Structure formats: structure tokens, C-alpha cells
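Here are my notes on this one, in the order I'd go through them on screen. Have the model open while you read.

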Amino acid sequence: IGIEFDKNDNVYIADIYDGTATLGPGCDPYSIRIYYNDGTLPNYKYFTSSGSNKLNNPYRLTIDKNGLLYVADLGGQNGRVQIFNTKNNFQFVDDIKFPDDNIGSPGSIAVDDYGFIYIADFGNEVNITQFLNAGSDPFALLGAFDPIKNGIANEVFSVKVFDPNRNFRTRIIQEIDLPVDLALDNCGKLYINNINLTGTQTNF
């Protein structure tokens with residue numbers, strides 16, 4: 001679902017098991033798969049973490065200029081963004097989580113050159129895991145649609161901004177309906193792929 005390149009053009013993919021194949025021995029249904037660009041074999045590996053930091057439905061991810069990997073981990077019930085150090089064997093660094101850090105269900109993530117973190121937040125009322133797992137089942141999709149429609153009407157969805165110390169700073173809600181994707185350009189301008197009845201892209 002999520003894909004990101006680091007500065008060495010290695011590819012990081014948020015990998016979620018969809019139940020269509022048999023898991024091999026020792027394989028985890030939720031992981032980050034990394035494909036290396038340096039010619040080493042095997043050219044990919046799985047990263048899952050463990051204990052309380054074990055991945056549970058990784059959704060979106062990004063890597064900052066210092067090599068920190070940010071993973072939007074939906075977690076089934078309480079969402080969080082987990083942060084790992086790609087330069088130190090993916091050691092856990094920190095997390096931004098519900099309810100301590102004013103985050104609900106995190107989606108797309110962007111980090112600027114100053115370390116400020118932008119997170120698309122779908123709030124506490126919407127179970128994005130349910131929506132993603134609905135697939136092509138029309139009844140499951142209908143069950144997930146009403147909370148999303150109500151969330152848009154009640155301005156539940158937003159983009160949360162955190163400072164380099166991961167402290168919550170502000171919430172962007174102006175002209176936001178459902179922020180499905182975030183991106184920063186080379187000048188630090190934030191682009192938000194915002195879904196409404198017609199589909200818009202909002203620039204900040």
C-alpha cells in the first residue's frame with residue numbers, strides 16, 4: 001500500500017498479507033519489504049519489529065533526510081506512526097500514537113527538511129483498516145462509507161503537524177475533506193490530494 005525510496009534508491013514497501021496465499025514458515029503477515037539497489041543477494045528482506053512495536057497493518061511510509069523511517073501503522077484499533085532508524089538496523093526510535101499524541105488513524109506522511117512532520121489523520125471515528133480490508137466487497141464498502149461521509153461532514157479528517165521533537169503543533173482543516181496523500185516539493189510546499197465529490201488537490 002505504501003512505497004518509498006531512500007536516497008540510495010532502495011525501495012521500501014508496506015506489505016500487508018491479504019489472505020490469498022499461504023504464508024511461509026516464520027513469515028509475518030505485516031512487514032516492511034526492502035529491495036536493495038546495491039546488487040546484494042538476496043536483494044530484499046522483511047522488517048517487522050517485535051514486542052509492543054510489532055507492525056500491525058502498516059499503511060503508508062516515508063523516509064526523512066536523516067534516514068528515519070516513518071510508518072503509519074493502523075494497528076487495528078488504535079493508530080500510530082512508528083519511527084525506525086534505517087542506518088542502525090531499524091532500531092525503534094519513537095512513535096506518535098493515540099491517544100497520547102493527538103492522532104487517530106494516520107495515513108500519508110511527509111517530513112520536511114526542518115524535521116516537521118505532516119500526517120493525514122482520519123480521526124477516531126473511522127476504521128481505515130475496515131475500509132482497506134473491504135476490497136471489492138460492495139457490502140463491506142457500504143459499511144465503511146457512512147462513517148467516512150459523516151467524517152467529512154463533521155470535519156473529522158485533517159492534516160496534523162508535529163515539530164521535530166514530535167510534539168503536536170497544529171491541525172490543518174481548511175478546505176480538507178478526505179486527505180488521502182501528502183507530498184512536499186523541493187521548496188517545502190505541501191501538496192494534499194484531497195477527496196471530495198469532484199476530487200481536488202490543495203496546496204499549502
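**Notes on the model**

1. Start with Asp121, a residue of strand β10 (residues 117–121). Keep in mind that this is a predicted model. Is Asp121 buried or exposed? Its relative accessible area is 2%, and the cut-off for buried is under 20%, so Asp121 counts as buried.

2. Strand β11 (residues 158–162) and strand β12 (residues 168–172) run antiparallel, joined by 4 bridges. Across from Lys160, the bridge partner in β12 is Arg171.

3. Most residues other than glycine have a negative phi, and most peptide bonds are trans. Arg166, in the loop between β11 and β12, has a positive phi of about 65° although it is not a glycine. At 19% relative accessibility Arg166 still counts as buried, because the cut-off is under 20%.

4. Asp9 is another non-glycine residue with a positive phi, near 65°. You'll find Asp9 in the loop between β1 and β2 (11–16). With a relative accessible area of 46%, Asp9 is partly exposed.

5. For the backbone check, also look at the peptide bond from Phe98 to Pro99, which is cis with omega near 0°. Pro99 sits in the loop between β8 (91–97) and β9.

6. Next, the other hairpin, made by β13 and β14. These strands pair in the antiparallel sense over 6 bridges, and Leu178 stands opposite Ile195 in β14. There are 5 residues between the strands, and Gly188 in this hairpin takes a positive phi near 85°.

7. Which residues of β14 (residues 190–195) are on the covered face? They are Leu190, Ile192 and Asn194, while Tyr191, Asn193 and Ile195 make up the uncovered face. In a regular strand the side chains alternate between the two faces of the sheet.

8. The largest pocket has a volume of about 790 Å³. Its lining takes in 38 residues, and the closest to the centre are Glu4, Thr62, Ile63, Asp64 and Lys65. Elements that give two or more residues to this lining are β1 (3–5), β5 (58–63), β9 (106–111) and β13 (178–184). By class, the lining has 17 nonpolar, 10 polar and 11 charged residues.

9. Last, the whole chain. How many helices and strands does the protein chain have? The secondary structure comes to 2 helices and 15 strands. Of the 204 residues, 43% are buried. Among contacts between residues at least 6 apart in sequence, 39% join residues at least 24 apart.

Conventions
Residues numbered from 1 in each chain as written. Predicted model: local features only at pLDDT ≥ 70, side-chain atom pairs only at ≥ 80, totals over all residues. Heavy atoms only, no water. 1 Å grid on protein atoms, 1.4 Å probe; cavity = no way out; pocket = protein on both sides within 12 Å on 5 of 7 lines; lining within 4 Å. Points joined across faces, edges and corners; volume = space filled by probe spheres on them. Nonpolar A, V, L, I, M, F, W, Y, C, P; charged D, E, K, R; others polar. Buried < 20%, exposed > 50% of the residue type's maximum accessible area, 1.4 Å probe, protein only. Pairing = 2+ DSSP bridges. Contact = heavy atoms within 4.5 Å.
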